Amino acid sequence: MIDRIDRKILQILQEDCTVPVAEIGRRVGLSTTPCWRRIQKLEEDGVIQRRVAVLDPRQVNAKVTAFVAITTNQHSEEWLKRFAEVVSVMPEVVEFYRMAGQVDYLLRVVVPDIEAYDVFYKKLIAKIEIADVSTTFAMERIKYTTALPLQFVAVEKPTEKAG
């Protein structure tokens, strides 16, 4: 169970995972060793899946974001497995979702320009049969975060000591 201190630790790490453990501990009211143990436990439990660097897309020539809505008339387990294999190895795809509603799958694709998107699109449709592909391009990124909202975490309540 995650408690309030764990939640504070997670918030700090989501903002900047390079903050030293001693500083995290200071901010949450723990010494270094107990803070480090909590972080280790959060990693072991899979709450913290990995620590990464968030890059500026312009600096790495990934300036164009495309949202690719895919519908298919193939709904077998085998087709989904094949589709997931095809999409998963395409580095341009940074997010991939199976959807409910009109669209079956949604991809977020990042590329340098429209020509690179066209190359990506042609590779995709050459590798797997798709009924319909509809792409929209982001004009401006207004909000972007990798931080998940933590207000929904069920927090363990402190137990009262009998006295």
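I started with Tyr117, which counts as buried because its relative accessibility is 7%; buried means under 20% relative accessible area, exposed over 50%, and partly exposed in between (1.4 Å probe, protein chains only). I kept in mind that this is a predicted model, where local features need pLDDT of at least 70, side-chain atom pairs count only at pLDDT 80 or more, and totals for chains, interfaces and linings use all residues. Numbering runs from 1 along each chain as its sequence is written, and side-chain values use heavy atoms, with hydrogens and water left out.

Next I looked up aromatic pairs, and a search of the whole structure gave eight. Rings of Phe, Tyr and Trp (its six-membered ring) pair if their centres lie within 6.5 Å; planes under 30 degrees apart are stacked, over 60 edge-to-face, and the rest tilted. Tyr117 and Phe137 are edge-to-face, because their planes stand at 90 degrees, with ring centres 5.3 Å apart. This pair links distant parts of the chain, 20 residues apart: Tyr117 is in helix H5 (residues 114–127) and Phe137 in strand E4. Helices (H or I, at least four residues) and strands (E, at least two) are DSSP runs, numbered from the N terminus. Phe137 has 33% relative accessibility, so I noted it as partly exposed.

I also found one aromatic cluster, formed by Trp79, Phe83, Phe96 and Tyr105.

Tyr144 counts as partly exposed because its relative accessibility is 40%.
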